[in-house]
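Biologist: I would like to learn how to read strands and rings in a model. Can we work through one together?

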Amino acid sequence: MEPEDNLVNVFLLLLIGSLITLVGPSTPGEGWQVYSSAQDSEGRCVCTVVAPQQTVCSRDARTKQLRHLLEKVQKMSQSIEVLDQRTQRDLQFVEKMEVQLKSLESKFKEVENGHESNIARQYKSIKTKMDELRPLIPVLEAYKADTLLVQQFKEEAANVTELLATLQEQLGGLDYQELHTRVTSLEDRLRACMQRLACGKLTGISEPITIKTSGSRFGSWMTDPVAPVGDSRVWYMDGYHNNRFVREYMSMYDFMMTDNFTSHRLPHPWSGTGQVVYNGSIYFNKFQSHTIIKFDFSTSLISRSRQLEFAGYNNMYHYSWGGHSDIDLMVDEGGLWAVYATNQNAGNIVLSQLNPNTLQIVRSWTTNHPKRSAGEAFMICGTLYVTNGYSGGTKVYYAYSTNSSTYEYIDIPLTNKYSHLSMLDYNPRDRALYAWNNGHQVLYNVTLYHIIQ
């Protein structure tokens, strides 16, 4: 990432106005959510990316000042227009008054030069003229009020001028349009930077977003993390055994709001809830076996199957909730993975990266974590994260990095809203966790601490 101009120092805050991908319902009332973060290993740049509903800079203090000034100017313009209309109206009264005063003056001259017999008649006429002039008194009062209003405008203009000068000094001589242009350019560059920051360390998990309530207590649902642009299909599999029907919903909206779906019949029932859809195919563990099957949705045919050697199956090494969850398939930024346990590793978790085309093991790692003690697990950026349970108070507490072949104990809370997790998988495109929680389909946003290589 190239050095930035004066707007960018060592630390940068990027406020992105829209989600890169839709992973849940969005309403104007939603709060801000941390999307991911980044740090240069040499301390050159920190990018914190959040996903608000408002546009860029909408909560910046100086932007609020500009908006406040704009509102002031609009109010002043409206008041000036009202004052102008009133002035035009009053001017007509004044012109009329001028004519009447001249007429009154003429009447006084007639009285002065006339005869006594005309006095009573002239007095009555003068009284009539005075009655006509009486409404002009409130006009004069209004002029006094307008004078005060003009004075207030002068004071307000002085305040605005002072505030603008302060703001101009703070912004270094930039007008708002130029500032907005530069911030937009910065946003685009940092968005591109974020796309390159594919990986990071998990540091937080958001509150759950309930997408739908359907199905039994156990199941799985997902989207394809490498699907083409515009392909937002949702895949839904109810139960953990004795079922072979996969539902296909055309979009997240269809999944949330309708029961319109296409049903695909698999050639074999699946085992557990560790299925994954990847690049147009579904990968699943064949029931009561350690066979992994790749089923192509476009041809409705098995394109590859292979046994996962030494892997326990048929509830031998399941997650702590049971459910034939011996073999858990998952995808992260690095591709396709299998999590399982073997007798050779004393029932502890084995982590294998698979070739998605041949299903051959590319490489395996053995961990010291018992498979039966794990509640659920998921992969992010080559690191396996394990929860301490599946019900009640839940947290992610164990992480094994395939990059360094080391593990550590961590403490990242995971809100278990419906008290029974039977599926928890990461989607690298959405950068979200998909979960099946006691008959509820749930999403979690994640916070990633990125390191720029």
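Biologist: Start with strand β23, residues 432-437. How many of the six residues are buried?

Modeller: Six of the six, in this predicted model. So β23 is largely enclosed by the rest of the structure.

Biologist: Which residues of β23 lie on one side, and which on the other?

Modeller: In β23, Ala 432, Tyr 434 and Trp 436 take one side. Leu 433, Ala 435 and Asn 437 take the other. Both faces are covered.

Biologist: How many bridges join β22 to β23?

Modeller: Strands of a sheet pair through backbone hydrogen bonds, either parallel or antiparallel. Here β22, residues 421-427, runs antiparallel to β23, and six bridges join them.

Biologist: What is the strand order in the open sheet of four strands?

Modeller: The order is β18-β19-β20-β21, with antiparallel pairing. β18 (377-380) and β21 (406-414) stand at the edges. Each has a single partner strand, so one side of each is left without a neighbour in the sheet. The twist averages 25° from one strand to the next. Between β20 (residues 394-401) and β21 there are seven bridges. Among the partners there, Lys 395 is bridged to Pro 413 of β21.

Biologist: Now the rings. How many aromatic pairs does the structure hold?

Modeller: It holds 19. Take Tyr 236 and Trp 436: their centres are 5.3 Å apart, with 45° between the planes, a tilted pair. This pair links distant parts of the chain. Tyr 236 is in β7 (residues 234-238) and Trp 436 in β23, 200 residues apart. Tyr 236 has a relative accessible area of 3%, and Trp 436 has 0%. The cut-off for buried is under 20%, so both count as buried.

Biologist: Why is the pair of Tyr 249 and Phe 255 called edge-to-face?

Modeller: Planes over 60 degrees apart count as edge-to-face. These two rings have their planes at 75° and their centres 5.0 Å apart, so they qualify. Tyr 249 is buried at 0%, and Phe 255 is buried at 0% too.

Biologist: Which residues form the aromatic cluster?

Modeller: Trp 221, Tyr 236, Tyr 249, Phe 255, Phe 261, Tyr 434 and Trp 436.

Biologist: Where do Lys 212 and the charged end of Arg 247 sit?

Modeller: Lys 212 lies over the face of Phe 255, 4.8 Å from the ring centre. The charged end of Arg 247 sits over the ring of Phe 261, at 4.3 Å from its centre.

Terms used: Residues are numbered from 1 along each chain as its sequence is written. This is a predicted model: local features need pLDDT of at least 70, side-chain atom pairs count only at pLDDT 80 or more; totals for chains, interfaces and linings use all residues. Side-chain values use heavy atoms; hydrogens and water are left out. Two strands pair if DSSP finds at least two bridges between them. Helices (H or I, at least four residues) and strands (E, at least two) are DSSP runs, numbered from the N terminus. Axes are lines fitted to C-alpha atoms, for helices over the stretch in contact, and angles run from 0 to 180 degrees between N-to-C directions. Buried means under 20% relative accessible area, exposed over 50%, partly exposed in between (1.4 Å probe, protein chains only). Rings of Phe, Tyr and Trp (its six-membered ring) pair if their centres lie within 6.5 Å; planes under 30 degrees apart count as stacked, over 60 as edge-to-face and the rest as tilted. A charge sits over a ring if NZ of Lys or CZ of Arg is within 6 Å of the ring centre and within 35 degrees of the ring normal.
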